[in-house]
Amino acid sequence: MSSQGFELRPTTTPTDAAQRDEVLQNPGFGRYFTDHMAHVRWTHADGWNSGEVRPYGPLSLDPAASVLHYAQEIFEGVKAYRHADGSVWTFRPEKNAARFQASARRLALPELDTETFIDSLKALVAQDIDWVPTPASEAEESSLYLRPFMIASEKFLGVRPSKEVDYYVIASPAAAYFKGGVKPVSIWLSRDYNRAGPGGTGAAKCGGNYASSLVAQQEAEANGCAQVAFLDAVEHKWIEELGGMNLFFVYKDGRIVTPELGTILEGVTRDSVLQLAADAGLKPEERRISIDEWRDGVKSGEISEVFACGTAAVITPIAELVTPEERIAGGEQTEIASELRKQLLDIQYGRAEDRHGWLTRLA
């Protein structure tokens, strides 16, 4: 059997239906995984081989595999949504595929074509479709989180691009990111650490970026904050992004501003918010914004809202920015953030017209 060009090797020990249903009642995030995973292998000599969907399980890596020593790897985050008619869709996967290719170029990995990237999602979801949660109501934002990733697997300790690479997709049922509804959160401003610098890997979605943010995230949690915000690495004055989300600033004159690309990740949700904001008559701007502009804008009332966005959390309002010296409010309102969040979710779950052709059916 094959699906989307992927050879199927079904597991002989599938999860019991009752046990799977119990998991889907309270999946959390990233705690449980489906029965299968997609895999495609690349070698310098032969290029990409044919793909397969095989049983989920541990990977066999040589202790000298390049990824373990030089962190040559990238990943993506995609969600699959169950619609009311039982069909399963995903949101703008071609954007994830393009970002995956850009990340591969930056990490000296082979690029996976868009068709194979999307076909790998379809093949895995088709096999594990029973793992896609069915939301009980609009308030229940459950989905199947898909994690494509690529690792350098060659047995070699020299410092050069790996000549053997493996691409995988695993899947994990996920509940809403925020339990009990979305509430404004406090974020910590990192003064001692930077996420990325000019010419670095900030625009790539690679594990090293996240590993380097963890100590700052610990600092945030120690100060009672849910997330950490980073400044630029040169002047230490320009707001960049959070540890895993992009930032937006809403102005009372109708502008909606987000930090420009370059050293930050080109978020799929970020790009979608820019489009939906323009559709709503707001004036999107991508430019540098300083910590002083944030402080002064909120104080004067010119900035009415601040929010963060990303695949996992969708959109969440920022209550305040906490620094070692002060607390800077995130604006007095949340109306724009709430409306954009609802529009995004309604499109993703098939409750609103997909005017931009953002949805792709997986199963």
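**Exercise 1. Is R92 buried or exposed, and where does it sit?**

Start with accessibility: R92 has a relative accessible area of 8%, so it counts as buried (under 20% relative accessible area is buried, over 50% is exposed, and in between is partly exposed, with a 1.4 Å probe and protein chains only). Next, find its place: R92 is in the loop between strand 8 (88-91) and helix 3. Helices here are DSSP runs of H or I with at least four residues, strands are E runs of at least two, and both are numbered from the N terminus. Last, check the backbone: R92 isn't a glycine, yet it has a positive phi of about 55°.

Before you go on, a word on the ground rules: this is a predicted model, where local features need pLDDT of at least 70 and side-chain atom pairs count only at pLDDT 80 or more, while totals for chains, interfaces and linings use all residues. Residues are numbered from 1 along each chain as its sequence is written, and side-chain values use heavy atoms, leaving out hydrogens and water.

**Exercise 2. Which class of accessibility does A71 fall into, and what is its phi?**

Look at the phi first: A71 is not a glycine, but its phi is positive, about 55°. Then locate A71 in the loop between helix 2 (66-70) and strand 6 (73-75). Finally, its relative accessibility is 40%, so A71 is partly exposed.

**Exercise 3. Which residues does T11 touch, leaving out those up to four places away in sequence?**

First place T11 in the loop between strand 2 and helix 1 (17-25). With a relative accessible area of 16%, T11 is buried. Now list its partners: T11 touches D35, H36 and P55, where contact means heavy atoms within 4.5 Å. Take D35 as a check: D35 and T11 are 24 residues apart along the chain, and their C-alpha atoms are separated by 7.0 Å.

**Exercise 4. Which residues of helix 7 are buried, and how are they arranged around its axis?**

Begin by picking out the buried ones: in helix 7 (residues 291-300) these are I291, W294, G297 and V298. Now look down the axis: the buried residues of helix 7 fall within an arc of 135°, so they line one face. That arc is taken from the directions that run from the helix axis to the C-beta atoms. Here's the handy rule: an α-helix has 3.6 residues a turn, so residues three or four places apart point the same way. On the other side of helix 7 you'll find K299 and S300, both exposed. Just past the end of helix 7, G301 has a positive phi of about 90°.

**Exercise 5. At roughly what angle do helix 6 and helix 8 cross, and which residues make the contact?**

Take the axes first: those of helix 6 (residues 268-279) and helix 8 (residues 335-348) come within 10 Å and cross at roughly 110°. That makes helix 6 roughly perpendicular to helix 8, a label for angles of 65 to 115 degrees. Then name the residues: helix 6 brings T269, S272, V273, L276 and A277, while helix 8 brings L340, Q343, L344 and I347.

Terms used:
Axes are lines fitted to C-alpha atoms, for helices over the stretch in contact, and angles run from 0 to 180 degrees between N-to-C directions. Angles under 35 degrees count as roughly parallel, over 145 as roughly antiparallel, 65 to 115 as roughly perpendicular and the rest as oblique.
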